[in-house]
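The points are grouped by topic.

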Amino acid sequence: MGGENIIIKGVPVSGGIGMGEAQVLRDPMLQVVRRAVVVSKIKQEIGRLSEASDKTIAELKTARSKAVKAIGEHGANIFDAQILIASDQQFMSTVADRITAEKINAEFAYQETLADTLKSLEGSRDPYMRQMVYDIRSVSERILSFLLGVGEKNDLGFQSPTILVGRIFSPGQIMACAKKNLAGLLTLEGGPTSHMGLIARSLGIPAVTGEWNDGDRVITGNNLIIDGNNGEIILNPDDETWRSFRRIRLRKRSQPFAVLSSTKKIEPICTDGREVTLAANLEIPGPLDSHLSRLGVGVGLFRTEFLYFSKQSFPDEEEQFQVYSEIANQFYPEEVTLRTFDLGGDKYAAEFGNIVEENPAMGWRGLRVLLETPKLFKNQLRAMLRASTLGNLQILLPMVSDEGEVMETLDIIEKIKRELRRSRIEFDEGIKVGIMIEVPSAAIAADYLAEKVDFFSIGTNDLIQYTMAADRGNYRVTNYYMGHHPSVLKLIQRTVHAAHDIGIPVSVCGEMAGSRTMAPFFVGLGVDVLSMAPTQLPAMADWISRISYINAKRFTSRLLRLSTAYQVSRALAEAYDYIKSQKKGAWLK
């Protein structure tokens, strides 16, 4: 194969490893020219506009139907925004009025009206406004293509594994080629919260966004590897790199449906009988749920933000109640941990206004947002409580930094419970409420916080970036984003000990939970639950079955005495190599 092994750091959007030939799709160059239209033909032009809109709506509805079968109703909701845009009668009337007033052709009138609409939106820093721009562009491209007579040529499919490369891809484009050798997506725009990101993760398609187009380095036909777990892009990989990633992909990064459907059981039991509970991180209901419930796997973290991201508006209490009830039923009797909306940072909702912060990661986010939007918070908590009648739901609060936030939230929950009792609405009186430990102040005060709640969940992604002052999405400080740094490990240790001293369980739900390198540390520390991406569960269960709990405790104690990240890294690597080389049942001497 040969190759240059050009490595570009991007941002992970959808996990997994994609390998294949690059297929670069440039933005469509639709040549729209202004043509004068005689009065007698104006009605015909407006008819062409209406027909193009109808065809686009029909196409989107077909894509939505396919999505329902592939990823479930909730995932398919992301098509609703585009259907609404294509059905916008006020906008279409404005275009028709322009055709009539200026006596011009439909495609030119449509393009000019579109440009006026986008002018005020394209400069916005709000990610939700940018998502609206993506949706409008996607719909407009289809309407214009039908007006220009090229709309029927939209079939995507590949003869061999292919990485689709472009500015950004619409949900419809992804659905059109999801089962046609699509190995991954590489884009310039569209982060984890974009519609593209949501549907890629639902389908198990690896995706990365990054600055790959400098000097046209990526061209159609080139071999390409994208690592959706770490956000790495490898252009023109050499033979050894290609083989290495192929082994990794075959071993543990294939499509999630195939991994879980072929798994017979999940039994993470140490060689000396210690059982470690494994759970799944989920962000949207879908076909994976049935595989997980069949295996007796619970949900350690359910990200409820999908209810907003899929529709770009907050659902009411009743809609949330239906969703949470379905999740509880699907996984019963296993526990399902519902995290309240974790918005802020780069995930502001349009309802909050055009919020601009110099340092959003340190700003208005998580529980801070919810406590200052009481109606939104109350609706969600009421829905969760009403859905808890089976007794397997628990509530998780994100980004807690202070005991006062916890007490204020618990007061709100008690008030809602009293209201439900007065209305004779059933709920789980003993529903558990926990907090995420992802801010150093919460980890340091874990002994006080443990007295107020029913469980802890350690969010290692944010705990690392706040402890190390290193944004994991900023490639310039990647070397400082170290989960194995002694400071991070000591905060995790402090949190676990504080929880167990009070007698409450603690889980880890960040990316470190799915790392086999870190598994001996978490097992030895006595972490009760490791919650990770569903695809990681079978491999992690097998890995834990090779570990002796007694030896892991000794190893963890030694690890916590090390003073540098380098020393910790070496010790973890040695343990990993030893476990890997041994037959099932063996571990460290």
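The model contains an open sheet of eight strands in the order β1-β8-β7-β3-β4-β5-β6-β2, with mixed pairing. The model is a predicted one.

**The eight-stranded sheet**

- The edges of the sheet are formed by β1 (6-9) and β2 (11-14), each of which pairs on one side only.
- From one strand to the next, the twist averages 30 degrees.
- Strands of a sheet pair through backbone hydrogen bonds, in either a parallel or an antiparallel manner.
- Strand β2 and strand β6 (residues 207-209) run antiparallel and are joined by three bridges.
- Within this pairing, S14 is positioned opposite A207 of β6.
- Helix α8 (residues 195-203) lies across β2, β5 (182-187) and β6, and runs at about 60 degrees to β2.

**Strands β12 and β13**

- Strand β12 (residues 393-397) and β13 run parallel, with four bridges joining them.
- Opposite L397 stands I435, a residue of β13.
- Strand β13 (residues 432-437) is largely enclosed by the rest of the structure, because five of its six residues are buried.

**Contact between helices α4 and α5**

- Two packed helices are described by the angle between their axes and the distance between those axes.
- The axes of α4 (residues 89-102) and α5 (residues 106-119) come within 9 Å and cross at roughly 125 degrees.
- Angles from 65 to 115 degrees count as roughly perpendicular and those over 145 as roughly antiparallel; α4 and α5 are therefore oblique to each other.
- The crossing in which α4 passes α5 is right-handed.
- On the α4 side, the contact is made by F91, M92, T94, V95, R98 and I99, while α5 contributes A106, A109, Y110, E112, T113, L114, D116 and T117.
- Classified by type, the residues in the contact of α4 with α5 are eight nonpolar, three polar and three charged.

**Contact between helices α19 and α20**

- Helix α19 (residues 460-468) and helix α20 (residues 486-502) have axes that come within 10 Å and cross at roughly 130 degrees.
- The helices α19 and α20 are therefore likewise described as oblique to each other.
- The handedness of the crossing of α19 and α20 is right-handed.
- Residues T460, L463, I464, T467 and M468 of α19 make the contact with S487, V488, L491 and I492 of α20.
- The contact of α19 with α20 has six nonpolar and three polar residues, and no charged residues.

**Backbone features in loops**

- The peptide bond from Y332 to P333 is cis, and its omega is near 10 degrees.
- The loop between α13 (317-331) and β11 (336-339) holds P333.
- K103, a residue other than glycine, has a positive phi near 55 degrees.
- The position of K103 is in the loop between α4 and α5, and its relative accessible area of 38% makes K103 partly exposed.
- M399 also is a residue other than glycine with a positive phi, near 55 degrees.
- The loop between β12 and α16 (403-422) contains M399, which counts as buried at 4% relative accessibility.

How values were computed: Residues are numbered from 1 along each chain as its sequence is written. This is a predicted model: local features need pLDDT of at least 70, side-chain atom pairs count only at pLDDT 80 or more; totals for chains, interfaces and linings use all residues. Side-chain values use heavy atoms; hydrogens and water are left out. Axes are lines fitted to C-alpha atoms, for helices over the stretch in contact, and angles run from 0 to 180 degrees between N-to-C directions. Helices (H or I, at least four residues) and strands (E, at least two) are DSSP runs, numbered from the N terminus. Angles under 35 degrees count as roughly parallel, over 145 as roughly antiparallel, 65 to 115 as roughly perpendicular and the rest as oblique. A crossing is left-handed if the near helix is turned anticlockwise from the far one by less than a right angle, and right-handed if clockwise. Contact means heavy atoms within 4.5 Å. Ala, Val, Leu, Ile, Met, Phe, Trp, Tyr, Cys and Pro count as nonpolar, Asp, Glu, Lys and Arg as charged, and the others, Gly among them, as polar. Two strands pair if DSSP finds at least two bridges between them. Buried means under 20% relative accessible area, exposed over 50%, partly exposed in between (1.4 Å probe, protein chains only).
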